[in-house]
Every structure is written in structure tokens, then in C-alpha cells.
Amino acid sequence: LVVAQVAVMRSDKGPDVFVSAAQKLIREGCPAYFILVGEGSMRRRVEAQLQEDDGEGRIKLAGYRRDIPEILADVDIYVLAARSPEGVPQAILQAHAARVPVVATNVGGVREVAIHDETALCAPRNDPETLAIHIRHLLENPDTGRRLAEKGHLLTAEQYSMELMLSRMESLYRQLSGQQ
């Protein structure tokens, strides 16, 4: 079992929160591996956190990677532990497109694509305990994960397809230029 967060390793993406949730789950006997994919200013802090508790060697830092579709194909659960509001996160849309169950925090634009108990399970920001509960729930209930992943996939296909986004952008440009 593999649980991953794929994001720039910055404070606003909560890599330390993800690691805290992973450490808690491993201490409780969870057999999964946890992978952080990405680089950034929080790497040293996360490395220090892992020196204190490396989760029996089951928490890995993968660094910067370009093969995200291949990584998502091997992931059982995608996590975004964001602590600050942001726009619609492309990483969650990518997880939805790959039909990977999502656990995320309930902040900003994340809420548009990670809808609790519809397309994802959501926790409050800075709450590794609730994040861990949701991760464990999906690991222990794969049918729930498949249901959420399928609904997330449909949401992405219906509302965030390339064709629809280009059509909306063209419509906006026409409206702004006065060419209805």
C-alpha cells in the first residue's frame, strides 16, 4: 500500500502535516508506505522530522520527479495536506484523472475538487490526526476509495477537461473584447 503527497515541499502544502499523519499511522500498525514527491524550502525541516521518527523506514522523500502519471499509477491514496488557501490544485485534478482516492484538507480552492464524502475525504488544516483517520479509513475500505475516485474522475472529466477549459477561456476573451 502506497500513500503519497505530490506537491512542492513548501509550508503551505503541509508536507510536515503529511509526515506527522504517516508517523501516527505507522506507530498504530498501518502497513502502508508513505512517499513525499517534490522539492522545496521545507525539505530540511521534513528531513529533521524524519530523523526523530522515520516511520520504520516507510516514509520516503522522492524529490523532484517528472514521471507523475507513472507515480500516480502506483499510488493507493493521494494526499494534499495544504494548510493555506490556494486555487484549484492541479495535483488533485491529476489524482482524480488517474482514479486515485484523495484525502485533502478543507481549505480554499481545494474544496472545489475535494468535496468531503463525495470526491474525497477532507480534514481541517493542520490536523494530522484527522488526516490519519481518513487515510486509514480509505486503506481499510477500498470500496469507499473506489467510489470517491470514480466521482472525482467524473468531476474532472465534466468540469475540468481541456476542451471545456479552452471554451470557457475563449468565451471570457470574447466577452472582454466586446465580441459576444
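Q: What pLDDT do side-chain atom pairs need to count here?
A: Residues are numbered from 1 along each chain as its sequence is written, and side-chain values use heavy atoms, without hydrogens and water. This is a predicted model: totals for chains, interfaces and linings use all residues, local features need pLDDT of at least 70, and side-chain atom pairs need 80 or more.

Q: Why do the buried residues of helix H2 share one side?
A: H2 spans residues 43-52, and its buried residues are Val-46, Gln-49 and Leu-50. The arc is taken from the directions from the helix axis to the C-beta atoms. These residues lie on the same side of H2 because they cover an arc of only 95°.

Q: Which exposed residues does H2 carry on the face turned away from its buried side?
A: The buried residues of H2 pack against helix H1 (15-27), strand E2 (33-37) and strand E3 (59-63). The face turned away from them carries the exposed residues Arg-44, Arg-45, Gln-51 and Glu-52.

Q: How far apart in space are the C-alpha atoms of Ala-21 and Pro-128?
A: Ala-21 belongs to helix H1 and is buried, at 0% relative accessible area. Beyond its neighbours within four places in sequence, its contacts (heavy atoms within 4.5 Å) are Pro-128, Leu-131 and Ala-132. Ala-21 and Pro-128 are 107 residues apart in sequence, but their C-alpha atoms are separated by 4.6 Å.

Q: Which helix gives the most residues to the lining of the largest pocket?
A: A pocket is an open set of points on a 1 Å grid over the protein atoms alone, where a 1.4 Å probe fits, with protein on both sides within 12 Å along at least five of seven lines; lining residues have an atom within 4 Å of a point. Residues lining the largest pocket include Asp-76, Arg-99, Leu-138 and Glu-150. Helix H6 (128-140) and helix H7 (142-159) are the elements that give two or more. With 5 residues, the most comes from H7.

Q: Where does Glu-56 lie?
A: Glu-56 is not a glycine, yet it has a positive phi of about 60°. Glu-56 counts as exposed, at 61% relative accessibility. Its place is the loop between H2 and E3.

Q: What distance separates the C-alpha atoms of Asn-126 and Leu-172?
A: Asn-126 is in the loop between strand E6 (121-123) and H6, with a positive phi near 60°. Asn-126 is partly exposed at 42%; Leu-172, in helix H8 (residues 162-177), is partly exposed at 41%. The two are 46 residues apart along the chain, and their C-alpha atoms are separated by 36 Å.

Technical notes
Buried means under 20% relative accessible area, exposed over 50%, partly exposed in between (1.4 Å probe, protein chains only). Helices (H or I, at least four residues) and strands (E, at least two) are DSSP runs, numbered from the N terminus.
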